[in-house]
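I opened the model and kept notes on what I looked up. The entries follow in the order I made them.

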Amino acid sequence: MPITNKMKIAYASVVLLIQVYLVYAATLYVTPWSAGFLCVLVAAAASAAGALYYIFVVARDNEIVAYNPQTFLEERRRIG
Amino acid sequence: MDKFAYFWSLIIVGGTVFLMGAYRNVFLKLCFIRWINRKIREEGGAKVERLENTPIPEPATIVREAVFQKRIRNRSVFLWLRHCLIFFGFTAIFALDCIYTVFGHYFHHYFDYTYFTSGAGRAFLKAGMELSGAVLLVGLTAALVHRVVYAERERTLVNLNLVLLLWVVTLTGFLTEACRLIGEPDDPFVDCSFVAGPLASALRGIDAPWHALATPIWILHATVTVAFFAYLPFSRFVHIIAAPIGRSITQDGNYGRLKRERVTEGLL
């Protein structure tokens, strides 16, 4: 199938790295370990958990808007 | 919680929703396209890209359809003009805003320069964002009016909520800048804000607590902007990315012709 576990892990890693970077960027504007910064951390932790759950559990990798890759390939073969 | 704590929390949540949508509607599609192109190539069937399995269409296709948008022009000059105003306005203001954020708000924490913080670079970016924002607002207003007037015909082609959301983003952007200028009337770059500047002058004449409203309007603009970008990969605007890439499958032969007739026109 088009998507492998390695690809999913690579994508999830990019998502987590971006979140870590955004938390770091937030420290330029929000005092570290203040109440506001804790809100940023909570948002980041909840987002990371949500993203991992979505990528590894929820997302249906064998279908894109009712298009199964095998069906798509067969249609491509048939029409030329 | 101050406005920046809210802003960064919002950016992180919105950015994650964007990336989840991008996984579903861009990353997976790229994997599909790459997989199908490879299979077809292995079978020696229909012509697939010269770039092996890379899902990139030919440069001529990108120029013809992504830049000049010839297929929309074949439908109607008005629709083509409307789409061009939105497309060029959006891409220009997005690019300029990214440059302004990185060089005007971020890198100066690490590097010592004034070109983008108080020099000519800031003036150039301000003027560019005003111009592209105005172009975008005109295109979106035309789209909204056209969608309302031809509601029956356009219902399945134009997502009213999405266009309305981007229209609110653009309008609140000008309002935010106008409120800033009300609070900073001696801004040396006020002439570059040739839309927000006159708007600020007009608003000063209205008896309202503009100084107190500046922060709520800034928060509203940030919220609708992040909401728009989070919604982007789940909406039809995903064709900004997916349509040119998908053309690596559809640009040749009968499949391309059928695909154009059946599906792609519906996305425009």
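Where is the place of W33(A)? I found W33(A) in the loop between α1 and α2 of chain A. I took helices (H or I, at least four residues) and strands (E, at least two) as DSSP runs numbered from the N terminus. This is a predicted model, in which local features need pLDDT of at least 70, side-chain atom pairs count only at pLDDT 80 or more, and totals for chains, interfaces and linings use all residues. Residues are numbered from 1 along each chain as its sequence is written, and chains are lettered from A and ligands numbered from 1 in the order in which they are written.

Entry on W33(A). I read a phi near 65°, a positive value in a residue other than glycine. W33(A) is exposed, with 10 other C-beta atoms within 10 Å. My classes are buried for 20 or more other C-beta atoms within 10 Å of a residue's own, exposed for 12 or fewer, and partly exposed in between, with C-beta atoms placed from the backbone.

Entry on chain A. I listed three helices and zero strands, in the pattern α-α-α along the sequence. Of its 80 residues, 20% are buried.

Entry on α1(A). Residues 5-26 form this helix of 22 residues, and I noted 31 Å from first C-alpha to last, close to the 32 Å expected at 1.5 Å a residue; the expected span is 1.5 Å times one less than the number of residues. V15(A), Q19(A) and A26(A) are buried in α1(A). They cover an arc of only 35° around the axis, which puts them on the same side of α1(A); the arc is that of the directions from the helix axis to the C-beta atoms. On the face turned away from the buried side I found exposed residues, including K6(A), I9(A), L17(A) and Y24(A). The buried residues pack against α2 (35-58) of chain A together with α1 (3-43) of chain B.

Entry on helix pairs. The axes of α1(A) and α2(A) come within 10 Å and cross at roughly 170°. Axes are lines fitted to C-alpha atoms, for helices over the stretch in contact, and angles run from 0 to 180 degrees between N-to-C directions. α1(A) and α2(A) are therefore roughly antiparallel to each other; the classes are under 35 degrees for roughly parallel, over 145 for roughly antiparallel, 65 to 115 for roughly perpendicular and the rest oblique.

Entry on the cores. A nonpolar core is a set of buried Ala, Val, Leu, Ile, Met, Phe, Trp, Tyr and Cys residues joined through C-beta atoms within 7 Å. The largest has 51 residues, and V40(A), W8(B) and L136(B) are among those with the most contacts inside it. α1(B) gives the most to this core, with 18 residues. Leaving aside neighbours within four places in sequence, I found W8(B) in contact with L22(A), A26(A), Y29(A), V30(A) and V40(A); contact needs C-beta atoms, placed from the backbone, within 7 Å.

Entry on I182(B). I182(B) is in helix α7 of chain B and counts as partly exposed, with 19 C-beta neighbours inside 10 Å. Leaving aside neighbours within four places in sequence, I182(B) is in contact with A200(B), L203(B), R204(B) and W210(B).

Key. Two residues are in contact if their C-beta atoms, placed from the backbone, lie within 7 Å.
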